[in-house]
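Colleague: I'd like to learn how to read a few local features in a model. Could you walk me through it?

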Amino acid sequence: MREFFRYLQGYLKIKVWGYSPERFMNLCSNHHILLWDIARQEDCYTMYISLSGFYKLRPIVRKTGTRAAVLERYGLPFFIRKMRKRKIFALGLPCCLAFLIAMSQFVWAIDFEGNVSITDDVLMDFLAEKGIDYGVAKNKIDIEALEASLRENFDIVTWTSARIEGTRFIVKIKENDLAPDEAPDEKENWPGSNLIATQDGIVVSILTRQGVPLVAEGTPVQKGDVLVSGAVPVMADDGTVREYQFCHADADVSLVYEIPVHEEQPLMYEYKNYTNREKKDVFFSLGHKRYVLKLGDCGFLKYDTVLDTRQLCILNQIYLPFYYGFEVHREYLPVEAVYQENKAEALLNEKLSKNIVSLEEKGVQIIEKDVKIETAGNTLVMDGYMTVQGNDGKAQRIEAEQPVAENETESGSSQ
């Protein structure tokens with residue numbers, strides 16, 4: 001801060017020599033004239049002094065028999081004096097500062113952090129619906145309302161945080177790794193619900209927390225069968241059912257079932273053989289408009305285009321709506337090739353391994369797998385099944401006039 005005020009007032013680097021430089025410095029101290037960075041040379045002293053202090057040196061110089069000379073000048077007063085001869089620059093400088101100050105009141109860069117399932121494009125469209133886009137005034141952004149709106153409109157979002165840094169708007173979100181199977185609000189409006197099977201299998205274990213279990217360990221079930229009924233019978237004194245009370249069936253039901261496996265891997269494939277030849281075109285964009293300066297014809301039949309984009313930023317904080325960079329065209333030649341059989345089999349096994357990992361992450365245990373690989377034309381095909389064990393059950397709405405499940409009624413009539 002001291003250096004800043006010195007710059008505003010202006011200061012000098014001077015050289016002092018003569019009869020008694022030491023007495024000169026003592027008298028300056030007595031007259032409250034500040035000297036700093038004093039250095040002794042062979043026959044003189046160099047030091048820094050404020051511009052106002054320099055004007056008070058004449059009587060001190062005469063009294064001590066010394067001489068003082070200016071070596072260098074620093075500070076705003078000397079800068080302004082130089083700018084008098086450069087009127088256009090002097091006029092442009094405040095205009096430039098005014099432009100930067102005006103541009104700093106708007107948002108020119110939007111970044112997202114923490115989103116995995118929700119893409120940046122989806123979030124940008126959502127912000128645009130809320131009136132937040134490039135060029136929006138910072139004072140028009142209601143950060144608290146935006147954070148609440150993000151949590152309300154995206155069920156997978158559990159936490160949000162937004163802030164403004166310079167002209168950059170940063171939105172951080174955290175997603176829920178486990179999405180709910182059904183909307184809880186919709187289920188709460190149901191009079192009751194059954195728990196039904198979502199696939200064919202054999203019940204290994206069942207732990208009922210609420211409802212009436214209709215299956216037991218070892219019971220084979222088919223897709224759509226009711227595992228636990230949400231209609232709980234209320235018995236009369238004579239042993240008959242007087243009425244039914246409805247609830248949401250809740251249980252842990254473990255099934256052993258089969259999952260079909262089918263994967264294909266073409267033996268013929270095409271890859272890009274890059275020739276290391278490139279062609280660059282310069283581009284710049286202002287706001288949403290982009291302009292490309294083509295430096296001649298590309299001339300490539302097949303090529304990829306890569307954008308090397310930079311945004312103009314001042315002091316690492318103020319982003320301006322000006323982008324520039326290169327469009328890099330990279331030539332390649334398409335080459336057809338054939339996988340060796342062992343390589344194609346490895347790719348198929350890799351796909352199967354990814355499916356197994358995905359199932360295990362969901363808590364499904366792989367008991368047995370039986371697959372075979374055959375060649376069908378130019379394609380290697382993997383067919384078979386996997387025997388797995390995992391929890392099953394899906395809520396199904398029941399109506400008040402349908403108290404018992406159909407399979408329960410059928411089993412009762414057969415008896």
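Modeller: Happy to, and please keep in mind that this is a predicted model. Let's begin with Y271, which counts as partly exposed at 37% relative accessibility.

Colleague: Which residue forms an aromatic pair with Y271?

Modeller: In general, a pair of aromatic rings is described by the distance of the centres and the angle of the planes. Here the partner of Y271 is Y269, with 6.4 Å from centre to centre and 35° between the planes, a tilted pair. Y269 is also partly exposed, its relative accessible area being 29%.

Colleague: How many aromatic pairs are found in the whole structure?

Modeller: The search gives 14 of them. There is also an aromatic cluster formed by Y11, W36, Y48 and Y74.

Colleague: And which residues lie over the face of a ring?

Modeller: One case is K15, placed over the face of W17 at 4.8 Å from the ring centre. Another is R290, which sits over F283 with 4.9 Å to the ring centre.

Colleague: Let's turn to the backbone. What should I look for in phi?

Modeller: Most residues other than glycine have a negative phi. H32 has a positive value, near 60°, and N276 has one of about 65°.

Colleague: Where are H32 and N276 found, and are they buried or exposed?

Modeller: H32 belongs to the loop between α2 (21-30) and β2 (35-40), while N276 is in strand β16, residues 268-286. H32 is exposed, with a relative accessible area of 74%; N276 is exposed too, at 74% relative accessibility.

Definitions and conventions: Residues numbered from 1 in each chain as written. Predicted model: local features only at pLDDT ≥ 70, side-chain atom pairs only at ≥ 80, totals over all residues. Heavy atoms only, no water. Helix = DSSP H or I, 4+ residues; strand = E, 2+ residues; numbered from the N terminus. Buried < 20%, exposed > 50% of the residue type's maximum accessible area, 1.4 Å probe, protein only. Phe/Tyr/Trp six-rings, centres within 6.5 Å; stacked < 30°, edge-to-face > 60°. Lys NZ or Arg CZ within 6 Å of the ring centre and 35° of its normal.
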